[in-house]
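Visitor: I am new to this structure and would like to learn how to read it. Please take me through it feature by feature.

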Amino acid sequence: MLPFLHSFPPPRTFFLFCCFLLIPLLLLLLLLVAPSSSSSSSSSSSSEGAPVVEKVTMSLYYESLCPYCADFIVNQLVRLFQTGLISIVNLRMVPWGNAWIAPDGSTPVCQHGNDECFLNTIQACAITIYPDELQHFKFVRCLELLTLEKRHNEWVNCFQMTGLGTLPINCYTSGNGKVIEQKYAKETAQLNPPHRFVPWVVVNNQALQEDYQNYVTYICRAYKGNSKPDACRSLSTRTYDSKQNINSFQPVCYTDEAKNLTVPLVTILRKSP
């Protein structure tokens, strides 16, 4: 037998010795790995099992110089941001309103004239370039406040007042704004039911019609999450009946009034108001 083999214990003793050392190591590994695996499995299970709560989509169809649209945006829609309700809302603003395309097939005609067509497009550009809801809402609200104050010709000051760049102007002059407005025109024309006036509010594909000022109630009822914002507490559950008050006066700009306007003979698209 070779001399160095005398230093090793007999095979049976060696096997028991190895088992004695390995068993504690295996137990230690199980203690370290098992919680991590369990935690990961639990986390994965809870994340996969928990339903994803979608935001409520609210779409506002409006036009820039309609005083009732301006009042709604400045004094009512702003509540989304003031109360934190925006956390459960996907707000979409569509500045086309009661406009239509002239017989030439490309020129938009607006209910309140040339300036409205221009400002609709500027707002459409701002909404597209600055998709963050808070950013573009500040700009839109600034313009609509000027509308209420009959100072809409000062619109350019809203860039500085809201801290936004003037890229929407480039969007307009390049013709991109016209493309965006054409998309808005198509979307507005495809509303079901068709809009009869602006502001026209749709919450999760439900047109609020004359009950548009009660939009918060519809948002809170449509939201399926367990934790609702404080703004949803103690709200009326009243719903609008489209068969009632269909002809009653509402603070809105009606489409019928817009269609009665005479189509201008001169082009109304221009680079500045």
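**Reading the fold**

Guide: Of the 273 residues of the protein chain, 39% count as buried. Buried means under 20% relative accessible area, exposed over 50%, and partly exposed in between, with a 1.4 Å probe and protein chains only. This is a predicted model, in which local features need pLDDT of at least 70 and side-chain atom pairs count only at pLDDT 80 or more, while totals for chains, interfaces and linings use all residues. Residues are numbered from 1 along each chain as its sequence is written, and side-chain values use heavy atoms, with hydrogens and water left out.

Visitor: How many helices and strands does the protein chain have?

Guide: The protein chain has ten helices and eight strands. Helices (H or I, at least four residues) and strands (E, at least two) are DSSP runs, numbered from the N terminus.

Visitor: How do I read a sheet, and in what order do the four strands of the open sheet come?

Guide: Strands of a sheet pair through backbone hydrogen bonds, either parallel or antiparallel. Two strands count as paired if DSSP finds at least two bridges between them. Here the order is 2-1-6-7, and the pairing is mixed. Strand 2 and strand 7 are the edge strands, each pairing on one side only.

Visitor: In which sense does strand 1 pair with strand 2, and in which with strand 6?

Guide: Strand 1 pairs with strand 2 (residues 89–95) in the parallel sense over seven bridges; S59 has R92 of strand 2 as its bridge partner. With strand 6 (residues 200–203), strand 1 pairs in the antiparallel sense over four bridges.

Visitor: Which way do the residues of strand 6 point?

Guide: In a regular strand the side chains alternate between the two faces of the sheet. In strand 6, W200 and V202 point one way, V201 and V203 the other way, and all are buried. Strand 1 (residues 56–62) has six of its seven residues buried, so it is largely enclosed by the rest of the structure.

Visitor: Which residues of helix 9 are buried, and what covers them?

Guide: The buried ones are Y215, V216, T217, Y218, I219 and C220. Because six of the eight residues of helix 9 (residues 215–222) are buried, it is largely enclosed by the rest of the structure. The cover includes strand 1, helix 2 (67–77), helix 3 (79–82), strand 2, strand 6 and strand 7 (206–207).

Visitor: At what angle do helix 4 and helix 8 pack?

Guide: Two packed helices are described by the angle between their axes and the distance between the axes. Helix 4 (residues 114–129) and helix 8 (residues 176–189) pack at about 90°, their axes 9 Å apart. Axes are lines fitted to C-alpha atoms, for helices over the stretch in contact, and angles run from 0 to 180 degrees between N-to-C directions. The contact (heavy atoms within 4.5 Å) involves N120, T121, A124, C125, I127 and T128 of helix 4 and G177, K178, I180, E181 and Y184 of helix 8.
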